[in-house]
Amino acid sequence: MSQGNNDATVGRAAQAYGAAGEPCTPGQAKACTVREVLDRVGGKWSIGILVAASPGPVRFTELERCVEGISRRMLTLTLRNLERDGLLHRRVYPTVPPKVEYTATPIALELYESLVALTRWAERHRSAIADARAAYDRAHGAADQGGGSPA
(Lines give C-alpha, C1' and ligand atoms only; values in the text may rest on other atoms or scores of the structure.)
Protein backbone atom coordinates (compact mmCIF):
# COMPACT_ATOMS: atom_id res chain seq x y z
CA MET A 1 0.00 0.00 0.00
CA SER A 2 2.99 2.28 -0.30
CA GLN A 3 1.87 3.55 -3.75
CA GLY A 4 3.01 7.09 -3.09
CA ASN A 5 1.49 7.18 0.37
CA ASN A 6 3.81 9.06 2.69
CA ASP A 7 2.10 7.75 5.83
CA ALA A 8 4.85 6.36 8.05
CA THR A 9 2.39 4.07 9.81
CA VAL A 10 1.50 1.96 6.77
CA GLY A 11 3.29 -1.35 6.90
CA ARG A 12 4.87 -0.55 10.27
CA ALA A 13 1.88 -0.73 12.60
CA ALA A 14 3.67 -2.73 15.28
CA GLN A 15 6.33 -0.05 15.84
CA ALA A 16 5.82 3.70 16.42
CA TYR A 17 7.95 5.96 14.23
CA GLY A 18 8.94 9.59 14.55
CA ALA A 19 8.68 12.37 11.98
CA ALA A 20 12.02 11.48 10.38
CA GLY A 21 11.02 7.83 10.08
CA GLU A 22 13.21 6.59 12.93
CA PRO A 23 11.74 4.14 15.47
CA CYS A 24 10.58 5.69 18.72
CA THR A 25 11.88 4.50 22.05
CA PRO A 26 9.20 3.16 24.45
CA GLY A 27 9.24 6.51 26.27
CA GLN A 28 8.64 8.36 23.01
CA ALA A 29 5.86 6.06 21.75
CA LYS A 30 3.02 8.13 23.25
CA ALA A 31 4.32 11.36 21.67
CA CYS A 32 4.78 9.62 18.32
CA THR A 33 1.23 8.31 18.43
CA VAL A 34 -0.15 11.79 19.13
CA ARG A 35 1.94 13.19 16.29
CA GLU A 36 0.66 10.50 13.93
CA VAL A 37 -2.96 11.23 14.86
CA LEU A 38 -2.49 14.97 14.40
CA ASP A 39 -0.73 14.41 11.07
CA ARG A 40 -3.69 12.31 9.90
CA VAL A 41 -6.55 14.56 10.99
CA GLY A 42 -4.65 17.69 10.01
CA GLY A 43 -3.68 16.34 6.62
CA LYS A 44 -4.30 18.29 3.45
CA TRP A 45 -7.35 16.23 2.45
CA SER A 46 -8.56 14.76 5.74
CA ILE A 47 -10.09 17.97 7.08
CA GLY A 48 -12.30 18.51 4.03
CA ILE A 49 -13.39 14.88 3.99
CA LEU A 50 -14.23 14.80 7.69
CA VAL A 51 -16.14 18.09 7.50
CA ALA A 52 -18.10 16.81 4.49
CA ALA A 53 -18.91 13.46 6.13
CA SER A 54 -19.91 14.82 9.54
CA PRO A 55 -23.47 16.02 8.73
CA GLY A 56 -24.44 12.53 7.54
CA PRO A 57 -23.66 9.78 5.05
CA VAL A 58 -21.84 10.94 1.94
CA ARG A 59 -20.95 9.09 -1.25
CA PHE A 60 -17.59 8.98 -2.97
CA THR A 61 -18.66 11.22 -5.86
CA GLU A 62 -20.09 13.79 -3.44
CA LEU A 63 -16.75 13.87 -1.62
CA GLU A 64 -14.97 14.29 -4.95
CA ARG A 65 -17.05 17.40 -5.61
CA CYS A 66 -16.77 18.78 -2.05
CA VAL A 67 -13.01 18.42 -1.60
CA GLU A 68 -11.57 20.81 -4.14
CA GLY A 69 -8.48 19.60 -5.99
CA ILE A 70 -8.38 16.01 -4.72
CA SER A 71 -7.72 13.23 -7.21
CA ARG A 72 -9.73 10.01 -7.20
CA ARG A 73 -6.65 8.07 -6.11
CA MET A 74 -5.85 10.42 -3.24
CA LEU A 75 -9.48 10.42 -2.14
CA THR A 76 -9.46 6.61 -2.11
CA LEU A 77 -6.23 6.47 -0.09
CA THR A 78 -7.36 9.12 2.38
CA LEU A 79 -10.76 7.46 2.88
CA ARG A 80 -9.05 4.13 3.49
CA ASN A 81 -6.71 5.69 6.06
CA LEU A 82 -9.52 7.54 7.84
CA GLU A 83 -11.54 4.31 7.96
CA ARG A 84 -8.49 2.45 9.29
CA ASP A 85 -8.08 5.08 12.01
CA GLY A 86 -11.71 4.71 13.06
CA LEU A 87 -12.77 8.16 11.88
CA LEU A 88 -15.03 7.03 9.06
CA HIS A 89 -17.36 4.08 8.64
CA ARG A 90 -17.71 2.67 5.11
CA ARG A 91 -20.97 0.99 4.20
CA VAL A 92 -21.39 -0.91 0.94
CA TYR A 93 -24.92 -1.58 -0.29
CA PRO A 94 -25.44 -4.75 -2.36
CA THR A 95 -26.71 -2.99 -5.46
CA VAL A 96 -25.57 -2.83 -9.07
CA PRO A 97 -23.56 -0.71 -9.35
CA PRO A 98 -22.45 -0.89 -5.70
CA LYS A 99 -23.49 2.06 -3.57
CA VAL A 100 -20.89 3.09 -0.98
CA GLU A 101 -21.45 5.66 1.76
CA TYR A 102 -19.07 7.11 4.30
CA THR A 103 -20.22 8.29 7.71
CA ALA A 104 -18.22 10.06 10.40
CA THR A 105 -17.79 7.97 13.54
CA PRO A 106 -18.42 9.36 17.04
CA ILE A 107 -14.73 10.21 17.47
CA ALA A 108 -14.74 12.11 14.18
CA LEU A 109 -17.92 13.94 15.19
CA GLU A 110 -16.15 15.01 18.36
CA LEU A 111 -13.51 16.63 16.12
CA TYR A 112 -16.04 18.31 13.84
CA GLU A 113 -16.41 21.67 15.63
CA SER A 114 -12.65 22.06 15.90
CA LEU A 115 -12.20 21.32 12.20
CA VAL A 116 -14.94 23.78 11.23
CA ALA A 117 -13.36 26.44 13.46
CA LEU A 118 -9.96 25.82 11.86
CA THR A 119 -11.46 25.98 8.37
CA ARG A 120 -13.27 29.25 9.16
CA TRP A 121 -10.09 30.72 10.64
CA ALA A 122 -8.19 29.84 7.45
CA GLU A 123 -10.90 31.40 5.29
CA ARG A 124 -10.95 34.60 7.39
CA HIS A 125 -7.18 35.02 7.36
CA ARG A 126 -6.11 33.73 3.96
CA SER A 127 -5.88 37.24 2.49
CA ALA A 128 -3.80 38.50 5.40
CA ILE A 129 -1.50 35.49 5.11
CA ALA A 130 -1.15 35.98 1.35
CA ASP A 131 -0.32 39.66 1.95
CA ALA A 132 2.23 38.74 4.62
CA ARG A 133 3.88 36.23 2.28
CA ALA A 134 4.09 38.78 -0.51
CA ALA A 135 5.60 41.37 1.86
CA TYR A 136 8.09 38.81 3.17
CA ASP A 137 9.08 37.80 -0.35
CA ARG A 138 9.58 41.44 -1.36
CA ALA A 139 11.70 42.10 1.72
CA HIS A 140 13.80 38.95 1.47
CA GLY A 141 14.11 38.56 -2.28
CA ALA A 142 13.58 35.57 -4.53
CA ALA A 143 16.53 33.64 -3.02
CA ASP A 144 14.55 32.84 0.16
CA GLN A 145 11.32 31.73 -1.54
CA GLY A 146 12.13 28.01 -1.52
CA GLY A 147 10.21 27.39 1.69
CA GLY A 148 13.28 26.04 3.45
CA SER A 149 14.06 26.35 7.11
CA PRO A 150 15.07 29.76 8.49
CA ALA A 151 18.77 30.49 8.83
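**Note on the sheet and charged contacts of a predicted model**

1. The model contains an open sheet of 3 strands in the order β1-β3-β2, with antiparallel pairing; two strands count as paired if DSSP finds at least two bridges between them. The edge strands are β1 (58-59) and β2, each of which pairs on one side only. Helices (H or I, at least four residues) and strands (E, at least two) are DSSP runs, numbered from the N terminus.

2. The structure is a predicted model, in which local features need pLDDT of at least 70 and side-chain atom pairs count only at pLDDT 80 or more, while totals for chains, interfaces and linings use all residues. Residues are numbered from 1 along each chain as its sequence is written, and side-chain values use heavy atoms, with hydrogens and water left out.

3. Strand β1 is joined to β3 (residues 99-104) in the antiparallel sense over 2 bridges. V58 has Y102 in β3 as its bridge partner. Helix α2 (residues 46-53) packs on the sheet and touches β1, β2 and β3, contact being heavy atoms within 4.5 Å. The direction of α2 makes about 65° with that of β2; axes are lines fitted to C-alpha atoms, for helices over the stretch in contact, and angles run from 0 to 180 degrees between N-to-C directions.

4. R40 counts as buried because its relative accessibility is 12%, whereas D85, at 32%, counts as partly exposed. Buried means under 20% relative accessible area, exposed over 50%, and partly exposed in between (1.4 Å probe, protein chains only).

5. A further salt bridge is formed by the side chains of R72 and E64, at 3.0 Å from N to O. E64 is partly exposed, with 24% relative accessibility.

6. K99 takes part in two of the listed interactions. In a salt bridge with E101, the closest N and O atoms are 3.6 Å apart. K99 also lies over the face of Y93, at 4.9 Å from the ring centre; the criterion is NZ of Lys or CZ of Arg within 6 Å of the ring centre and within 35 degrees of the ring normal. E101 is buried at 13% relative accessibility, while K99 is partly exposed at 28%.

Conventions. Salt bridge = Lys/Arg side-chain N within 4 Å of Asp/Glu carboxyl O.
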